[in-house]
Amino acid sequence: MEQTSFSENTTFAIICKTPAAANKLYSALDKKHRECCLLIDEDSTEFHEGIIITNAYLAKGLEFDCVILSEVTDKEYSSERDRQILYIAATRALHELEILYLGKKSKFISEIK
């Protein structure tokens, strides 16, 4: 992926595996940080520049300058279906991709990084 200056990027996404994980992450933010983010869920009707929190299914077909994938552990991403979900989420990044995990990382990370 092409390296760009952080200031040049206008769209950021934190992509979780499931809607429940995206909701949990968004709910954990304090009021100040929630105002800077937009949770995209099944009921969303708007999309704008800034920080988006969503799940892999809803991110399919969208592209973002920077993407953060959360909880990419061996426990969360272990099956063939999980591998496909991770691939979809990872390929949403145009310029920068960060993969976060705590504990044992998913074996599928090596296929995308």
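Modeller: The largest pocket has a volume of about 160 Å³, where a volume is the space filled by probe spheres set on grid points joined across faces, edges and corners. A pocket here is an open set of points on a 1 Å grid over the protein atoms alone, where a 1.4 Å probe fits, with protein on both sides within 12 Å along at least five of seven lines. This is a predicted model, in which local features need pLDDT of at least 70 and side-chain atom pairs count only at pLDDT 80 or more, while totals for chains, interfaces and linings use all residues. Residues are numbered from 1 along each chain as its sequence is written, and side-chain values use heavy atoms, with hydrogens and water left out.

Colleague: Which residues line the largest pocket?

Modeller: Its lining, meaning residues with an atom within 4 Å of a point, consists of Lys17, Thr18, Ala56, Tyr57, Lys60, Arg81, Ile85 and Ile88.

Colleague: And which element gives the largest share of that lining?

Modeller: That is α4, with 3 residues; helices are DSSP runs of H or I with at least four residues, and strands are runs of E with at least two, numbered from the N terminus.

Colleague: Switching to the sheet, what is the strand order?

Modeller: The open sheet of 5 strands runs β2-β3-β1-β4-β5 with parallel pairing, and two strands pair if DSSP finds at least two bridges between them. Because β2 (37-39) and β5 (93-99) each have a single partner strand, one side of each is left without a neighbour in the sheet.

Colleague: How many bridges join β2 to β3?

Modeller: There are 3, and Leu38 has Ile52 as its bridge partner in β3.
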